[in-house]
Amino acid sequence: MKALFRKSISIVLAVAVLTLATDLVQAQRQRPRGAGSLGEMKCQQIKEGSYIAINEDIPIGLEIYRAVAYLGNGIFIYEKRPAQVACRLATSGEKPRFKTLTLGFGLPDNHPYSKGALVRLSLYKDGNFFDYKDVTMGEQFIWPINVTNVRSIALESDCRRAQSGTCPALYFFQDILE
């Protein structure tokens with residue numbers, strides 16, 4: 001009886017893990033053939049924070065988007081403690097193959113810290129500052145970035161204005177490398 005119970009639990013856990021993995025893959029596959037995704041690039045934490053691949057619906061600007069990742073200290077970004085990650089686009093000795101990175105992002109309407117928050121997303125190419133976008137609740141951005149001959153990019157999300165010293169993480173509904 002115990003062996004049957006253990007086997008049943010093992011099967012249920014295996015199905016749950018497989019379902020979760022399939023869901024994450026499905027979110028990342030909503031892109032053109034031959035394109036890549038930052039969620040697949042295994043971005044590395046620099047300071048606090050992570051770029052985490054997800055697959056969930058989020059409301060941004062009174063619309064529903066399928067989020068593919070978020071950048072933050074968990075689901076938050078703390079004032080004076082930006083979340084920073086670096087993502088390798090090409091290994092040493094490899095010719096960079098991507099030409100464009102398209103980021104679609106915003107703050108979730110339903111996060112308790114979105115109201116009044118201002119989050120700055122800064123982008124660095126091969127360690128050099130490139131540009132930034134400031135995001136408030138209700139705004140969604142599509143940001144095409146030329147990454148021709150770029151080996152790595154870094155993303156920094158910085159809580160610039162918050163009611164309680166905390167901003168929501170920045171959610172991405174697009175992170176396509178072509």
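Predicted model: local features only at pLDDT ≥ 70, side-chain atom pairs only at ≥ 80, totals over all residues.
Colleague: What makes Cys43 and Cys87 a disulfide?

Modeller: Their sulfurs sit 1.9 Å apart, and the cut-off is 2.5 Å, so the pair counts as a disulfide.

Colleague: Why is the disulfide of Cys43 and Cys87 called right-handed?

Modeller: Because the torsion about its S-S bond is about 105 degrees. Cys43 lies in the loop between strands S1 and S2, and Cys87 in strand S5, so the bond ties together parts that are 44 residues apart in sequence. Both Cys43 and Cys87 are buried.

Colleague: And how do you know that Cys159 and Cys167 are joined?

Modeller: Same test: S to S is 2.1 Å, and anything within 2.5 Å passes. The torsion there is about 65 degrees, so the Cys159 to Cys167 bond is right-handed.

Colleague: Are Cys159 and Cys167 buried or exposed?

Modeller: Buried means under 20% relative accessible area. Cys159 has 4%, so it's buried, and Cys167, at 0%, is buried too.

Colleague: Why is Asn73 called buried?

Modeller: Because its relative accessibility is 12%, and the limit is 20%. Asn73 is part of strand S4.

Colleague: What makes the pairing of the Asn73 and Glu48 side chains a polar contact?

Modeller: The distance is 3.4 Å, and the cut-off is 3.5 Å between N or O atoms, with one able to donate a hydrogen and the other to accept it. A polar atom of the Asn73 side chain also lies 3.4 Å from the backbone nitrogen of Tyr78.

How values were computed
Residues numbered from 1 in each chain as written. Heavy atoms only, no water. Helix = DSSP H or I, 4+ residues; strand = E, 2+ residues; numbered from the N terminus. Buried < 20%, exposed > 50% of the residue type's maximum accessible area, 1.4 Å probe, protein only.
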